[in-house]
Amino acid sequence: MTDVNVDPEQVAAFVDALFRYADGGSWVSLRGFRDDVDNEPPIDIKGVPVNGNLSSITGAATALARTCANYQFPAVFCPPIATFSDRKKATEAALKNGLALSVELDADAERGRKRLEFLFGVPATVVVASGGIYTDPKTGEAKPKLHLHWRLKEPTRDAEAHKRLKQARAMATALVGGDASNKPVVHPIRWPGSVHRKGEPKLCRIVALNPDAEIDLQDALSILLDIQPEFRKADGRGSGTAPSGDGEDRETPELVRALLAGEDLHSTLLALSMRYLKRGMAAEHVVTTLRGLVQAVPPERRDGDRPGRWQAR
């Protein structure tokens, strides 16, 4: 047995934050694996039905996390942040709900976190210190690897939406140099409250919890496509070019004009913010400048049929 205990409260907080919109009748696929060798059969796989009461998921997850913590070999508790149509399968074909845009950061983690939170305009719903450590090459300091999870305002429910979520995860991962193995929505990932047993056992823990923070998948995808035009071909929007490095070939005066006209707020704001940042403007000054410009736009032109939407931008 390890001398580190599973934390049921962290498991419960994680389940509540990320599974609260999961569709009834789907299944959560709880699973644990050997963490010291590859291609071994799972230690256990348990399908738990989504029935409107998250405590059943929390209880079963805590029990399997304990089994992994006390297994005779190093083991990892790592269910996907998703639900499935089949209690025994956690494949893309069986995917019922994609629930979160998740990114694994194994290096330069805080910088990657700040960049994505700035771009999305909302903090991650849950930030998890996985238990892994990397060494900062500049300072030699040991720092925690992080997992970032943004809950979706609406789960993905069909093949096309699942595809968009996978693409958004791939783009977010590429943007901050994250672990590319985490791109699939069905990828297993370590949960907080469980025990990390590679090397000295330690608790996988929540370091930031914003249980009401969530993102719109299409908004996030649009933001990521604007600054990574090389992904547009896969999205059916053409490959595009980006001489300015921010996904836009319009000159800055044209972007300001479009912003003041209330045209396509998300792309103009993203392009301008990236240009200002690259030119050395402090982030808080970028926000103040762009907020002032948007507030100068008449509300009926700025908000359309969604009052207040500009503030998230």
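1. Phe120 is buried, and Trp150 is buried as well, where buried means under 20% relative accessible area, exposed over 50%, and partly exposed in between, with a 1.4 Å probe and protein chains only. The ring centres of Phe120 and Trp150 are 5.1 Å apart and their planes stand at 85°, so the pair is edge-to-face. Rings of Phe, Tyr and Trp (its six-membered ring) pair if their centres lie within 6.5 Å, and planes under 30 degrees apart count as stacked, over 60 as edge-to-face and the rest as tilted. Because Phe120 lies in helix H3 (residues 109-120) and Trp150 in strand S7 (residues 142-156), the pair ties together parts that are 30 residues apart in sequence.

2. A word on the basis of these remarks: this is a predicted model, in which local features need pLDDT of at least 70 and side-chain atom pairs count only at pLDDT 80 or more, while totals for chains, interfaces and linings use all residues. Residues are numbered from 1 along each chain as its sequence is written, and side-chain values use heavy atoms, with hydrogens and water left out.

3. On confidence, the mean pLDDT of the protein is 87, and 87% of its residues reach 70 or more; pLDDT is the predictor's confidence in each residue, from 0 to 100. Over residues 235-246 the pLDDT is below 50, although this stretch has 27 contacts in the model beyond near neighbours in sequence, a contact being heavy atoms within 4.5 Å.

4. As for the whole, the protein has eleven helices and eleven strands, which are DSSP runs (helices H or I, at least four residues; strands E, at least two) numbered from the N terminus. Of its 313 residues, 50% count as buried. Among contacts with a separation of 6 or more, 68% are between residues 24 or more positions apart.

5. Helix H1 (residues 8-19) has twelve residues and at 1.5 Å a residue should span 16 Å, which agrees with its end C-alpha atoms being 16 Å apart; the expected span is 1.5 Å times one less than the number of residues. At the start of H1, a side-chain oxygen of Asp7 comes to within 3.0 Å of the backbone nitrogen of Glu9. The buried residues of this helix are Gln10, Val11, Phe14, Val15, Ala17, Leu18 and Phe19.

6. The structure holds five aromatic pairs. One of them joins Phe19 and Trp191 in a tilted arrangement, 5.7 Å centre to centre with 50° between the planes. This pair links distant parts of the chain, since Phe19 belongs to helix H1 and Trp191 to the loop between helix H4 (159-176) and strand S8 (195-196), 172 residues apart. Phe19 is buried at a relative accessible area of 1%, and Trp191 counts as buried at 0%. Phe14, Phe19, Phe77 and Trp191 form one aromatic cluster.

7. Most residues other than glycine have a negative phi. Asn39, in the loop between strand S1 (27-34) and strand S2 (44-49), has a positive phi near 65°, and at 81% relative accessibility Asn39 counts as exposed. Asp108, found in the loop between strand S5 (95-105) and H3, has a positive phi near 50°, and Asp108 is partly exposed, with a relative accessible area of 43%.

How values were computed. Polar contact = N/O pair within 3.5 Å; in protein donor to acceptor, adjacent residues only side chain to side chain.
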